[in-house]
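Here are my notes on this model, in numbered points. Please read them with the structure open beside you.

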Amino acid sequence: MCTSGMKDKVETLNMTATVNLECIRQWPSENAREWSRKFFRSAEKQPNIDAIIVVGSAARDVAESADIDFVVIYNTCKLNFNGPPIDIDIRAYNRTDVQRLLSNGHDLLGWAIRMGCVVFERGHFWTDLRNAWLNRLVLPSVEEANTRAAKAEKLYQDLRAIGDKDAADEQLITKLTHLARASLIEAGIFPASRPELQYQLQSIGEKEIAQKLADALERRRKAWGMSY
């Protein structure tokens, strides 16, 4: 069990906490909306949560959002998120690690700084961090993006071999997403959310990857019965 001094807890709780739901442009499901609202309300009572940032397509003006992703910055001890639904992904980082990770070009934290939207923060923690880092972020690693693409390709082939088409299709999307990001980073462009990647790729002449990614996403929409 992780504990901290009572004085520190009281001081942290007394810091101004703000919640902003307007920056979540769309929800993947009503279940995700309801779980998230409860989570945000509970965050106000948890002194070890410094900030919650929505990242990915749910924070962008795009036509689709298959899921919703949150970055949580915490202090003193890691949190138990009490079973979020399948269409919510949460990545948590200790505040003591954030500066180092940003210095090393951490892709998700960098995305959160550049394009994410803060849903909850205590004492202007995220606002101050963003102001300090926005103009000095380094691009994510091309090598890491290519490594992730290679891993997704292997999983894709393995899943195809055993006949799991749906899972294989998801790995194909993952592979193409990482290849897209690698191409954009090489061009000095910070990758946006997945639905925006094809347009960024087209802007640098990478039409083949752009089309493959667009086709893969369209197949998923049809399989899931989505319409945009």
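1. Start with the contacts inside the protein chain. Of those between residues at least 6 apart in sequence, 62% join residues at least 24 apart. Bear in mind throughout that this is a predicted model.

2. Next, the secondary structure. The protein chain holds nine helices and five strands. Read from the N terminus, the order of the elements is α-β-α-β-β-β-α-α-β-α-α-α-α-α. The radius of gyration is 19 Å, close to the 17 Å that the globule rule gives for 228 residues, so the protein chain is as compact as a globular protein of that length.

3. On overall dimensions, the C-alpha trace of the protein chain spans about 55 × 35 × 30 Å along its principal axes. The accessible surface of the chain comes to about 12300 Å², and carbon and sulfur atoms account for 47% of that surface. Of the 228 residues in the chain, 46% are buried.

4. Now the aromatic rings. How many aromatic pairs does a search of the whole structure find? The search gives three. In one of them, F39 and F40 have ring centres 6.1 Å apart and planes at 40 degrees. An angle under 30 degrees would count as stacked and one over 60 as edge-to-face, so the pair of F39 and F40 is tilted.

5. Are these two residues buried or exposed? The cut-off for buried is under 20% relative accessible area. F39 has 6% relative accessibility and therefore counts as buried. F40 has 2% and therefore also counts as buried.

6. F40 takes part in another pair, with F70. The ring centres of F40 and F70 are 5.5 Å apart and the planes stand at 90 degrees, so this pair is edge-to-face. F40 belongs to helix α2 (residues 30–43) and F70 to strand β3 (residues 68–74), so the pair ties together parts that are 30 residues apart in sequence. Like F40, F70 is buried.

7. Which residues make up the aromatic cluster? W35, F39, F40 and F70 form one cluster. When you look for it in the structure, helix α2 (residues 30–43), which holds F40, is a place to begin.

8. A last point concerns a charge and a ring. R136 lies over the face of W133, at 3.9 Å from the ring centre.

Methods: Residues are numbered from 1 along each chain as its sequence is written. This is a predicted model: local features need pLDDT of at least 70, side-chain atom pairs count only at pLDDT 80 or more; totals for chains, interfaces and linings use all residues. Side-chain values use heavy atoms; hydrogens and water are left out. Rings of Phe, Tyr and Trp (its six-membered ring) pair if their centres lie within 6.5 Å; planes under 30 degrees apart count as stacked, over 60 as edge-to-face and the rest as tilted. Buried means under 20% relative accessible area, exposed over 50%, partly exposed in between (1.4 Å probe, protein chains only). Helices (H or I, at least four residues) and strands (E, at least two) are DSSP runs, numbered from the N terminus. A charge sits over a ring if NZ of Lys or CZ of Arg is within 6 Å of the ring centre and within 35 degrees of the ring normal. The radius of gyration is taken over C-alpha atoms; the globule rule is 2.2 Å times the number of residues to the power 0.38. Contact means heavy atoms within 4.5 Å. Accessible areas come from the Shrake-Rupley method with a 1.4 Å probe; for residues, only the protein chains shown count as cover.
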